[in-house]
Amino acid sequence: MTDESDNSAPASDPSTTETSNDADGSDEQLDVETDSGTSTGPSDLDDVILDNLDAGSDDPSDEASRGLFDDLLEGEPIFENKEVLRPSYTPHKLPHREEQINNMATILVTALRGDTPSNILIYGKTGTGKTASAKFVSEELETTSQKYEVPCEVEYINCEVTDTQYRVLAQLANKFIDKNVQLIDDRIAELEDLRSRARENTVALEETAFGSLDDIEAEIESLEADKAEFEEVPMTGWPTDRVYSSFFDAVDYHERVVVIMLDEIDKLVEKSGDDTLYNLSRMNSELENSRVSIMGISNDLKFTDFLDPRVKSSLGEEEIVFPPYDANQLRDILQARSDVAFKGDALTEDVIPLCAAFAAQEHGDARRALDLLRTAGELAERDQTDNVLEDHVRQAQEKIELDRVVEVVRTLPTQSKIVLFAIILLEKNGVHNINTGEVFNIYKNLCEEIDADILTQRRVTDLISELDMLGIVNAVVVSKGRYGRTKEISLSVPTEETEAVLLSDSRLGDIDDVQPFVQARFDN
């Protein structure tokens, strides 16, 4: 058999860098000829390579790639603490929400007396401070419970993420299982310490509940057995009644008052019905040691209309409504946050009023105002300026609006995406004042192209109305006299960006150069 490595280069060539393998597996390292003509070994070669790297490269593209972040770091940072402007931050004070916070505290204070608080439903539009206020009160509740040594706990679940009964119960069960295991481990450590001291001197058992070392051993064995029974619930695979049983046993292991905070509770009901709420609301009649209270937070004031009357009556024992902020209130919130978030005089005078005015137009959304202020600061940093200007706020408004459109369009159901794509194709082909019939014709062609179910024209009209509600299209009902009424539809979002988002969907991305069939139109 021919040795290919031996034949790959002439043996007499002194510049060869190849390693030849002998039959016995040993390696023979060949020397390398440098530019000066001298022969070097491997250690000398390393020095040559390192010297070349240190010397730098003449390639301008190499120079451009080095120090990539140095230029960006040259400017002085505008932010002192950017996290203060994020929705996840819970401030120490919430302006203009004192009334709602006091209402929550008045209801939950009974937990500190060992009693079961009433269930609470919190309503309000996005960005009205519901979650921040509820988390603020919850943190205060837990802090006070530790101060007075009252077993009181709050567990937070985001139902937009954890949106099925199985997941909610599994997540709650695992949280309480972890707490119970930690409690058992701490107790066993105390008992083992007591056992060690009692072995040296039985006086250590005085003023304890244990009469002998055997009693301590029995208690440790009992705790170990309890710990072994707590099995972590998998995220899938168990029957729901078994998951509920695990949660029930975990929460009732010892005496405590538990407040379960269900954020976006309407998403849970929409996805899974009211079974979860029914099970949680009737737990107290079966629990022996603990008590459970539910705090639901919703953007939808009407979601309880779809609940079982028994669930509705028990869940809505107390209701707290969070009204939208006005421009002056938003200004106070932004001022309080900006004092912590930005350095010195980074903001010009008109920045906060403009952010507040933009957000007040969006139904008094404080989250939108904070996003605007943070994004404006980020744009100012990119410009390497010392101040955030009014122009940065206006750029931020455009950027956030485009990001919102992209996110809304990306998460639309497939049928709504097809309808929207039909409208885009019509506009791109010069059709104005588009009517429902024209959209439906293109919609049918697109469905056939990607092998999707074709809905009725009435259902497509409903989807257009939903797109109108989301602000993606503008659909106006106009009268055509004796020809009846029709909807005239136009896009309310940037065409190119919206089309790009739609085509990123794997199904719509399969469409190849669809040229829409546009009806002959007779404008009155």
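Helices are DSSP runs of H or I with at least four residues, and strands are runs of E with at least two, numbered from the N terminus. The model is a predicted one. By that count the protein chain has 20 helices and twelve strands.

Q: What makes a residue count as buried, and what share of the 524 residues in the protein chain is buried?
A: Buried means under 20% relative accessible area. Of the 524 residues in the protein chain, 39% are buried. The chain exposes about 29,600 Å², and 46% of that area is supplied by carbon and sulfur atoms.

Q: Among contacts between residues at least 6 apart in sequence, what percentage joins residues at least 24 apart?
A: In the protein chain, 69% of such contacts do.

Q: Why is Ile297 called buried?
A: The cut-off is under 20% relative accessible area. Ile297 has 0%, so the residue is buried. Ile297 is in strand β8, residues 290-298.

Q: Which residues does Ile297 contact, leaving aside its neighbours within four places in sequence?
A: Contact means heavy atoms within 4.5 Å. By that criterion the partners of Ile297 include Ile122, Lys130, Thr131, Ala134 and Met261. Asp263, Glu264 and Ile265 are also among them. Ile122 is 175 residues away from Ile297 in sequence, yet the C-alpha atoms of the two are 4.7 Å apart.

Q: Why is Ser138 called buried?
A: Ser138 has a relative accessible area of 5%, which is under 20%, so the residue counts as buried. Ser138 is found in helix α6. Beyond its neighbours within four places in sequence, Ser138 is in contact with Val154 and Met261.

Q: What makes the orientation of α5 and α6 oblique?
A: The axes of α5 (residues 98-108) and α6 (residues 130-147) cross at roughly 40° and come within 10 Å. Angles under 35 degrees count as roughly parallel, and 65 to 115 as roughly perpendicular. The crossing angle falls between these ranges, and the two helices are therefore oblique to each other. The crossing of α5 past α6 is right-handed. On the α5 side, Ile101, Met104, Ala105 and Leu108 make the contact. On the α6 side, Ser133, Ala134, Phe136, Val137 and Leu141 do.

Q: What makes β10 and β11 edge strands?
A: The open sheet has three strands in the order β10-β12-β11, with antiparallel pairing. β10 (434-435) and β11 (473-479) each pair on one side only. Helix α17 (residues 414-428) packs on this sheet and touches β10, β11 and β12. The direction of α17 makes about 80° with that of β12.

Q: How do you know that β6 and β7 pair?
A: At least two bridges are needed. Seven join β6 to β7 (residues 256-263), so the strands pair, and they run parallel. Glu153 has Val258 in β7 as its bridge partner. Strand β6 (residues 152-158) is mostly covered, with five of its seven residues buried.

Q: Why is His96 called partly exposed, whereas Glu264 is called buried?
A: Partly exposed lies between the buried limit of 20% and the exposed limit of 50%. His96 has 29%, so the residue is partly exposed. Glu264 has 13%, which is under 20%, so that residue is buried.

Conventions
Residues are numbered from 1 along each chain as its sequence is written. This is a predicted model: local features need pLDDT of at least 70, side-chain atom pairs count only at pLDDT 80 or more; totals for chains, interfaces and linings use all residues. Side-chain values use heavy atoms; hydrogens and water are left out. Axes are lines fitted to C-alpha atoms, for helices over the stretch in contact, and angles run from 0 to 180 degrees between N-to-C directions. Buried means under 20% relative accessible area, exposed over 50%, partly exposed in between (1.4 Å probe, protein chains only). Accessible areas come from the Shrake-Rupley method with a 1.4 Å probe; for residues, only the protein chains shown count as cover. Angles under 35 degrees count as roughly parallel, over 145 as roughly antiparallel, 65 to 115 as roughly perpendicular and the rest as oblique. A crossing is left-handed if the near helix is turned anticlockwise from the far one by less than a right angle, and right-handed if clockwise.
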